[in-house]
Amino acid sequence: MRIESHQQFDAAVEAARAAKLSKGREVWVCCGTGCLANGSRAVAKAFDERIEAEGLQASLGLYHKTTGCHGFCERGPLVVIQPEGLLYTKVKVTDVPEILEKTVRNGEAIPRLQYKDPVTKQAVAKYEDIPFYKHQIRVSMRNIGRVDPEDLDDALAHGAYSGLAKALFAMTPDQVIAEIEASGLRGRGGAGFATARKWKACRKAKGERKFVLCNGDEGDPGAFKDRSIMEGDPHSVIEGMIIGAYAIGAHEGYLYVRDEYPLAVVNLGKAIEAARLRGLLGANILGSGFDFDLRISRGGGAFVCGESSALMRSIEGRTGEPRAKYVHASDKGLFDLPTNLNNVETWSDVGAIIANGGAWFAGWGTPKSKGTKAFSLVGKVKNTGLIELPMGTTLRHIIEDIGGGILKDRPFKAVQTGGPSGGCLPADQLDLPVDYEVLSENGSMMGSGGMIVMDDRTCMVDVARYFLKFLCEESCGKCVPCREGLKQMLHIFEDLCAGRGRPGDIERIERLCHAMQLGSLCELGKSAPNPVLSTLRYFRHEYEAHIQDRACPAGMCRDLTAYEIVEEPCTGCHQCTRVCPTDAISGKPKQKHVIDPAKCISCGSCFDVCPEDCIRFFPKNGSKEAANAHADH
Amino acid sequence: MPTLTIDGKTVHAPHGTFLLAACRAAGIEIPTLCEHPAVEPYGGCRLCVVDVTRPEWNGWNKMVVACLFPVEDGIIVDTRSERVLETRRVVLDLLLARCPETPLIQALAGSYGVTKTSFVLNPEPTDCILCGLCTRICDRMGISAISSVDRGAGREIAPPFKEPPPDCVGCLACAEICPTNHIRYEASDGRRRIWGKDFEMLRCPRCGRAHITVAQADFFAGKNGVPRSYFETCDACKRKELAATATKLAGGASTPAVEQGTR
């Protein structure tokens with residue numbers, strides 16, 4: 001039913017809450033992209049069918065719902081039993097009857113499905129006790145994993161649109177902007193521009209027709225926070241955009257979502273439809289007299305379309321290429337009309353800030369970076385997934401306490417933040433508090449919140465090469481420094497990794513980096529040198545080893561690395577022979593094995609599985625002594 | 001009218017104009033490759049970079065492209081700072097690697113002291129610098145027969161599906177505007193061929209010269225209320241006719257100067 005006044009809104013929220021409370025127990029099955037890939041749809045269906053077939057709704061008061069991503073994708077499919085908050089991981093269809101019988105009926109735990117802390121090796125029963133969740137404070141992700149993204153009433157029961165009702169009925173647009181200013185909210189897309197300042201500029205801009213846009217074109221390798229928010233709690237994004245439109249004086253909006261996020265497109269579409277039906281979108285929202293409607297624009301998947309001016313060209317139906325921004329989008333943006341663009345996470349923060357007050361949000365963080373920030377924690381850490389933490393949290397806390405440390409307890413080498421525009425920070429920077437300024441000062445960037453953890457088996461030259469290759473493919477090619485510069489830079493890095501590095505390469509790289517930073521048209525080209533410059537800054541010796549000794553100190557560049565099995569303590573356990581893809585390893589059981597250099601492709605698989613640490617690598621073309629010298633670095 | 005300082009000179013420039021015009025009006029040379037008065041500025045070649053500052057910025061500069069930076073009152077522009085020159089040198093160095101055999105690039109790079117590229121030479125040398133003038137003039141003509149395709153290092157200018165472009169009218173605007181003569185066409189009396197497409201020519205009813213393609217006349221016919229017959233007469237004959245009319249109105253005989261002007 002359409003909600004047509006503030007009173008009716010409050011009544012609808014009350015009704016939704018009451019309906020939620022009336023459900024005694026609930027089984028939540030995560031149906032975010034990660035869990036879906038692991039088969040959670042079948043698990044959800046199995047619960048549905050069992051509850052239906054056995055009449056458990058009547059007998060046990062048991063209900064079932066699917067939720068968005070809990071962020072703990074590594075352990076999916078995830079199932080949570082409420083109200084106890086019991087978490088089961090890696091649940092299969094065949095586990096469903098047992099869960100219903102033992103846990104739901106008899107209150108018994110199933111240890112096999114419980115999460116085991118990789119550090120303490122202890123099983124942890126409850127969701128909130130798991131270190132991965134315990135340390136988190138979730139604002140933008142407040143309802144992800146808790147609400148059914150397809151159920152507006154469930155969202156209302158969890159507080160969705162309460163910020164909107166407050167803004168529309170109790171605040172003027174200027175008061176809304178003042179509240180956002182008090183919260184200290186800055187752009188969560190990475191650049192960190194003050195949100196209130198952006199809104200103010202667009203509010204002041206002359207013009208009857210204005211737009212608010214949402215940037216859902218998250219494209220950094222390893223980043224998926226925006227996807228999870230759009231998939232798991234689409235109403236938080238929509239609510240933020242309506243509030244922003246009210247503050248700015250816009251009546252039209254676009255959600256720009258990349259088409260590679262099909263579930264986000266579907267869930268946002270359903271949420272928009274549901275919001276329209278209930279009078280939360282469209283003409284005369286909640287009877288307040290304010291009109292605003294929203295459309296989804298699907299992106300074709302070009303990374304550069306995450307750049308604001310390219311994004312606007314893409315929505316207009318033109319080639320997604322950036323243009324000079326000497327005139328701001330707040331004056332001339334989409335269709336050359338005043339436009340305000342914010343990131344998914346920023347929009348998601350807005351509703352909570354208005355509902356709880358700017359001071360509440362500003363209570364977290366550092367002097368210049370307030371509130372909480374979502375990150376996608378990936379790479380060589382034990383717990384990968386989606387996290388949200390107060391600004392100013394140290395990298396060490398994130399990697400060691402939440403991430404649970406490095407996989408296989410190998411040494412930490414670097415953490416990459418900010419995607420292709422960011423950089424790598426080494427071990428001695430682990431105590432840095434994460435905020436916009438600190439990351440930039442140290443050669444990295446907040447970016448879209450990707451955090452890739454790397455262990456000692458990572459070649460930093462290769463990491464820079466990887467990002468260059470990505471950008472070389474994703475550069476639009478409009479301006480010379482980015483298009484030609486990236487191509488030439490990649491040439492140099494491919495030579496370095498193949499042992500064709502020449503003296504002077506580092507200087508050539510640096511010269512090109514500076515020209516690209518200064519001369520490129522948009523931020524893609526201007527920030528493209530960051531992964532290169534930050535690895536040069538902290539790992540210059542690795543570059544030098546590649547050039548001078550034709551050696552890869554991490555043993556990852558295949559053209560430079562050879563492997564051998566050392567006499568002691570090889571026990572002939574055969575594990576290496578099993579993983580070798582080219583059958584290059586031979587040896588009798590319980591006797592020392594040998595690698596045939598003619599067959600070995602230097603993939604390092606044997607090195608990674610050897611339980612006795614008796615496989616070592618050395619530069620293919622250099623001396624073994626040089627290899628030892630680098631190993632000591 | 002905003003007043004700015006360019007390389008120490010005080011310059012006045014009208015509101016809404018770009019820095020490049022202000023520099024040129026002040027007699028300061030700025031290199032460009034993607035700029036042309038017939039089309040909107042683009043900001044692609046990055047050669048017209050200059051440093052901009054203000055007294056209150058305490059020595060902080062920002063580098064902008066002059067072709068797109070709107071003039072502002074009180075800015076101080078340095079068109080030849082070391083980092084400006086170095087950025088231009090790198091851009092030209094990169095272009096020379098891409099187009100090692102292109103005389104325009106060789107000459108421009110040479111004027112910045114770059115005679116040999118320090119980067120990897122393009123194994124398939126091309127004259128196309130991807131300045132986008134051809135696609136922009138084609139858009140400006142209202143035709144949009146060609147566009148840039150692919151992105152990044154693979155970017156090129158091509159008709160749709162790299163087949164003879166259905167919308168092309170053979171006007172040659174792209175070939176005429178191309179600064180490196182990369183876009184080639186063949187013309188013989190009564191025939192024209194560009195982008196793999198053949199065009200039939202229309203003869204001027206007065207002098208008989210094949211001066212315009214039939215497709216061109218069809219495309220322009222009726223635009224802004226101008227009849228097709230207007231396009232059928234060649235420019236030279238139109239000028240002659242105009243001169244004759246003017247002479248008649250002035251009551252005198254035609255003069256050699258007018259004859260010369262009509263070529």
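**Domains and chains in contact**

Guide: Keep in mind that this is a predicted model. Inside chain B, nine residues of domain 1 are in contact with seven residues of domain 2.

Visitor: Where do the domains of chain B sit in the numbering?
Guide: The domain assignment puts domain 1 at 3–80, domain 2 at 133–232 and domain 3 at 238–263.

Visitor: OK, and how much area do domain 1 and domain 2 of chain B bury between them?
Guide: About 610 Å², with 61% of it on carbon and sulfur atoms. On the domain 1 side, B:Ala38, B:Val39 and B:Tyr42 supply 58% of the area buried against domain 2, more than any other three residues.

Visitor: How many salt bridges are there across that domain interface?
Guide: Zero between domain 1 and domain 2 of chain B. There are four residue pairs in polar contact there, though, counting pairs with both residues at pLDDT 80 or more.

Visitor: Switching topic: what about chain B and chain A, how much do they bury?
Guide: About 2700 Å² between them, 59% of it on carbon and sulfur atoms. In chain B, B:Arg46, B:Leu94 and B:Arg151 lose the most area to chain A, together 23% of what that side buries.

Visitor: And how many salt bridges across those two chains?
Guide: The rule finds five. One of the salt bridges joins the side chains of A:Arg511 and B:Glu86, at 2.8 Å from N to O.

Visitor: Which part of chain B gives the largest share of the side touching chain A?
Guide: Helix 2 of chain B, with eleven residues.

Technical notes. Residues are numbered from 1 along each chain as its sequence is written. Chains are lettered from A and ligands numbered from 1 in the order in which they are written. This is a predicted model: local features need pLDDT of at least 70, side-chain atom pairs count only at pLDDT 80 or more; totals for chains, interfaces and linings use all residues. Side-chain values use heavy atoms; hydrogens and water are left out. Buried area is the accessible area (1.4 Å probe) that two parts lose on being put together, summed over both. A salt bridge is a side-chain nitrogen of Lys or Arg within 4 Å of a carboxyl oxygen of Asp or Glu. Helices (H or I, at least four residues) and strands (E, at least two) are DSSP runs, numbered from the N terminus. Domain bounds come from an automatic or database domain assignment. Contact means heavy atoms within 4.5 Å. A polar contact is a pair of N or O atoms within 3.5 Å; within protein, one must be able to donate a hydrogen and the other to accept it, and residues adjacent in sequence count only if both atoms are side-chain atoms.
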